[in-house]
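User: I am new to this structure and would like a quick tour. Please take my questions one at a time.

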Amino acid sequence: KITGSREAAFDNVLKFYETDAQGRVDGLAPEDEGYEAAVAANLLDGSDIFVTNLDSANFDLSLAGGAFYAPALLIDGSTDNLATIADNALGMTRIQREGNIWRFEDLSDDDFSDLVITLYSAETAV
């Protein structure tokens with residue numbers, strides 16, 4: 001289960017992608033050139049999280065066990081402009097995580113409220 005809220009000018013969409021234990025996608029590490037293109041090519045179908053501006057919503061999302069997943073914020077819904085763990089690896093913080101709360105910044109105002117999600121496992125669902 002996921003709860004999400006948004007305060008952003010852009011219509012941001014969150015999707016997930018599968019990684020290995022080090023965050024690599026197609027053999028590319030987050031700090032490697034081409035990482036975000038690999039992420040865009042490997043976004044999981046059916047993992048879209050979209051919240052209307054100044055609103056909140058609940059989502060059910062099931063991901064297969066035995067794998068690692070990471071979030072990608074599609075800024076204004078575009079795979080041409082992503083916020084991923086690669087940004088943090090390159091020193092540009094666009095994702096903040098505290099426990100099971102993830103905050104995303106689309107670089108319009110640096111407030112990290114452009115999408116805020118709380119992830120709950122099946123054992124801790126609200």
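Analyst: This is a predicted model. A compact globule of 126 residues would have a radius of gyration near 14 Å, and the chain agrees with that because its own value is 14 Å.

User: What does the C-alpha trace of the chain span along its principal axes?

Analyst: The radius of gyration agrees with a compact globule. Along the principal axes, the C-alpha trace spans about 35 × 35 × 25 Å.

User: What percentage of the residues of the chain count as buried?

Analyst: To count as buried, a residue must have under 20% relative accessible area. R6 is one example, because its relative accessible area is 4%. Of the 126 residues, the share that counts as buried is 38%.

User: How many salt bridges does the structure hold?

Analyst: Among them is the pair D20 and R24, whose side chains meet at 2.7 Å, N to O. Another pairs R6 with D11. The number held by the structure is five.

User: How many residues apart in sequence are the parts that K1 and D60 tie together?

Analyst: The side chains of K1 and D60 form a salt bridge at 3.7 Å, N to O. K1 sits in the segment before β1 (2-6), while D60 sits in the loop between β3 (55-59) and β4 (68-74), so the parts they tie together are separated in sequence by 59 residues.

User: How far apart are the closest N and O atoms of R6 and D11?

Analyst: R6 is buried, because its relative accessible area is 4%. D11 is partly exposed at 39%. The two form a salt bridge, and their closest N and O atoms are apart by 3.0 Å.

User: What relative accessible area does R24 have?

Analyst: R24 meets D20 in a salt bridge. D20 is partly exposed at 24% relative accessibility. R24 is also partly exposed, and its relative accessible area is 34%.

User: Where does D110 lie?

Analyst: D110 gathers with E7, D109 and D111 in a surface patch of negative charge. D110 counts as exposed, because its relative accessibility is 55%. Its place is the loop between β7 (101-104) and β8 (115-119).

User: How far apart in space are L107 and A70, C-alpha to C-alpha?

Analyst: L107 lies in the loop between β7 and β8. L107 is partly exposed, at 42% relative accessibility. In sequence, L107 and A70 are 37 residues apart. In space, C-alpha to C-alpha, the distance is 19 Å.

User: What is the phi of L54?

Analyst: Most residues other than glycine have a negative phi. L54 lies in the loop between α1 (35-41) and β3, and is exposed at 66% relative accessible area. Its phi is positive although L54 is not a glycine, with a value of about 60°.

User: What is phi of D76 near?

Analyst: D76 lies in the loop between β4 and β5 (82-83). At 44% relative accessibility, D76 counts as partly exposed. D76 is a residue other than glycine with a positive phi, near 55°.

Key: Residues numbered from 1 in each chain as written. Predicted model: local features only at pLDDT ≥ 70, side-chain atom pairs only at ≥ 80, totals over all residues. Heavy atoms only, no water. Patch = residues over 30% accessible without salt bridge, like charges linked within 9 Å, V, L, I, M, F, W, Y side chains within 5 Å. Areas by Shrake-Rupley, 256 points an atom, 1.4 Å probe, with all protein chains shown as cover. Salt bridge = Lys/Arg side-chain N within 4 Å of Asp/Glu carboxyl O. Lys, Arg positive; Asp, Glu negative; His and termini not counted. Charge placed at Lys NZ, Arg CZ, Asp CG, Glu CD. Helix = DSSP H or I, 4+ residues; strand = E, 2+ residues; numbered from the N terminus. Buried < 20%, exposed > 50% of the residue type's maximum accessible area, 1.4 Å probe, protein only. Rg over C-alpha atoms; globule rule 2.2 N^0.38 Å.
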